[in-house]
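User: I'm new to this and would like a guided tour. Could you walk me through how to read it, one feature at a time?

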Amino acid sequence: MPTSSLLRSAEQVGSSEPGPQTEALRASVKRRPRWNALGVVLPAIALIGWEVASRLGWLDRTITSSPTEILAEIYHLLWTGQIWVHLWATFVRVFSGFALGSAVAIVLGVVTGLSQIAYRLLNPTIHALRSVPSYAWVPLFILWFGIFETSKILLIALGAFFPLYLALVSSIRSVDRKLVEVALVNGFKGWNLARKIFLPASLPAIFVGLRQSLGLAWMFVVAAEFMGATHGLGFLLIDGQTTGRPATLITSVLLFALCGKATDGCLAWVSERALHWQDAYHPNSPEARSD
Amino acid sequence: MVTIDRITKAYGSSSVIADLRLSIEPQQVTVMVGTTGSGKSTLLRILAGLERPTSGEIRWDSDHRGIVRPNLGIVFQEPRLMPWLNVRQNVEFGFGPAGHRRSAELADEILEQVGLESFSDYYPRQLSGGMAQRVAIARALVRKPSLLLLDEPFSALDALTRSRLQDHLMELFARHSLTMFFVTHDIEEAVALSDTIVVIKGRPGQIQHRFRIDLPRPRSRQDPAFMVWKERVLAALTNGDSP
Ligand SMILES: Nc1ncnc2c1ncn2[C@@H]1O[C@H](COP(=O)(O)OP(=O)(O)O)[C@@H](O)[C@H]1O
Ligand SMILES: [Mg+2]
């Protein structure tokens, strides 16, 4: 094939053309975050200091508890199996609320992002609703939907709705006109255009929005479980407070942190794989990537 | 092939091109040269259906069934590849929403013709500017366009890569019997590629000169006749302007 052989030989000449650096490129794609041992030092020192201080009586144990008491509490919760009941109750709420909130956000966000009429019709109202402080909804939701699961899940859904909706609308509306033109010239219209250009182009923003929404779902589940619950990590908090057991309180806070981190980690993992094509700047240092 | 008949385009009160007439001959390279801002891209966008002319019309060739809107391929100044698609998928994008039964196979075939067969699994961020622009050319060619529009496709590339891609484009031109409408501000590029050069000038832009370049191909830039053509086009582009 004369054409390709000509180009292949040309490739060896051209400095801007591929060559040995493509191997380095391939390697850089495969970069994985590394375990950051240094990040553990401060928490470890703090834990040891805490234990020592509470044993020596420098800290009031009835308020601060101690790492070993907390371990004992976790062991107790595990041993009695209660931990799974609480975790399950909270997970179900978070995920139902998150799923509902983000599903509505995707539908409304896509419609509002793609249609100028929908944007002018809906966007001002949604922005006005967003400026209501979230906890102000709590009494209203109790009044409308009762104190049981419905109002809890709706409150979480409300919290999860906004970040994804806002990210989606702004990303769809700022999709590169140049790429849209390529699609138009190639005959893409309507649904095909949305599916092949607008969706993938806003995928990075969708993932950012999803992670923020999930974070807010975890925040709102606390408020929701404060509304009155018999199970759940939020219930554990209230329970620890009313019965004066700081170990229970702190255990609950720890479990919240772990669950939030774990679920966000899952989303981050999915996102990294779905967005592998992104031309993002990854600094080479392990600290910068081991979030 | 295509007749551009008294096309005028204005944005608000600012007129960009006025009363432009031109016909693009089949299986020839028509190059439009003009300074930046003379309305070349605007005309190309009108041809591609991305914009409507304020007045005038584009007439496509008709066959016995009537007017047929041709199968257009377009290459922009930037590669405009979809960053989420790999090289092969970007080329397959040229088949449009309906796709093609053998799209992957045909994409690989055309990638081989642009010398990128071993890069079909790469993503756009892993390509150099010249490679990316070759993918863009492959995407435009994959569905065998009856008219290929090019808007300064090589102007962002270094001189060496540019002249290599020009040669390469001419090989593809011969191989696929293409009809090309090529827009550029680069006079040497215009003389190197064209069968016909039209010079667009002024504000609003109008076609002020037309040359038939009858140099044999492949063309050498050192050929005295080539130099003479460059001088003539340069003179046409600059005459009437104050130095
Ligand atoms: N969408 C637009 N709105 C207003 N003016 C425009 C628009 N597009 C192009 N123009 C104007 O039209 C003129 C010609 O632009 P263009 O066709 O891109 O020129 P060229 O491609 O020859 O450099 C420019 O002066 C530019 O400012
Ligand atoms: Mg232009």
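User: Let's start with the ligand. By class, how many nonpolar, polar and charged residues does the shell around ligand 1 have?

Analyst: Before we count, keep in mind that this is a predicted model. The shell holds two nonpolar, seven polar and two charged residues. In chain B you'll find B:Tyr11, B:Val16, B:Thr35, B:Thr36, B:Gly37, B:Ser38, B:Gly39, B:Lys40, B:Ser41, B:Thr42 and B:Arg203 around ligand 1.

User: Which helix gives the most to the shell around ligand 1?

Analyst: That's helix α1 of chain B, residues 40-47, with three residues in the shell.

User: Now the sheets. What holds strands together, and how do I read their order?

Analyst: Strands in a sheet pair through backbone hydrogen bonds, and the pairing can be parallel or antiparallel. In chain B, one open sheet has six strands in the order β7-β8-β9-β3-β10-β11, with mixed pairing. Strands β7 (72-75) and β11 (206-212) of chain B each have a single partner strand, so one side of each is left without a neighbour in the sheet. On average, neighbouring strands here are turned by 15 degrees against each other, ignoring direction.

User: How many bridges join strand β3 to strand β10 of chain B?

Analyst: Five, and these two strands run parallel; β3 covers residues 29-34 and β10 covers residues 196-201. For one pair to find on screen, take B:Val31, whose bridge partner in β10(B) is B:Ile197.

User: Which strands does helix α4 of chain B touch?

Analyst: Helix α4 (residues 129-141) packs on this sheet against β7 and β8 (147-151) of chain B, and its direction makes about 170 degrees with that of β7(B). Helix α7 (residues 224-238) of chain B packs on the sheet as well, touching β3, β10 and β11, at about 25 degrees to the direction of β10(B).

User: What is the strand order in the three-stranded sheet?

Analyst: It reads β2-β1-β4 in chain B, an open sheet with antiparallel pairing. The edges are β2 (14-24) and β4 (55-60) of chain B, each pairing on one side only. From one strand to the next, the twist averages 15 degrees. Helix α1(B) packs on this sheet, touching β1, β2 and β4 of chain B, with its direction about 120 degrees from that of β1(B).

User: Which residues pair up across those strands?

Analyst: Strand β1 (residues 2-11) of chain B is joined to β4(B) by five bridges. Among the pairs, B:Val2 stands opposite B:Trp60, and B:Asp5 has B:Glu57 as its bridge partner. On the β2(B) side, β1(B) pairs over seven bridges, with B:Tyr11 opposite B:Ser14. Those two strands form a hairpin with two residues between them, and B:Gly12 in the turn has a positive phi of about 60 degrees.

User: What should I look for in the backbone angles?

Analyst: Most residues other than glycine have a negative phi, and most peptide bonds are trans. Now the exceptions here: B:Arg6 is not a glycine, yet has a positive phi of about 45 degrees, and B:Arg6 is located in strand β1 of chain B.

User: Where are the cis bonds?

Analyst: One runs from B:Arg203 to B:Pro204, with omega near -5 degrees; B:Pro204 is in the loop between β10 and β11 of chain B. Another goes from B:Arg217 to B:Pro218, also with omega near -5 degrees, and B:Pro218 lies in the loop between β11 and α7 of chain B.

Key
Residues numbered from 1 in each chain as written. Chains lettered and ligands numbered in written order. Predicted model: local features only at pLDDT ≥ 70, side-chain atom pairs only at ≥ 80, totals over all residues. Heavy atoms only, no water. Near = heavy atom within 4 Å. Helix = DSSP H or I, 4+ residues; strand = E, 2+ residues; numbered from the N terminus. Nonpolar A, V, L, I, M, F, W, Y, C, P; charged D, E, K, R; others polar. Pairing = 2+ DSSP bridges. Axes fitted to C-alpha atoms, helices over the stretch in contact; angles between N-to-C directions. Contact = heavy atoms within 4.5 Å.
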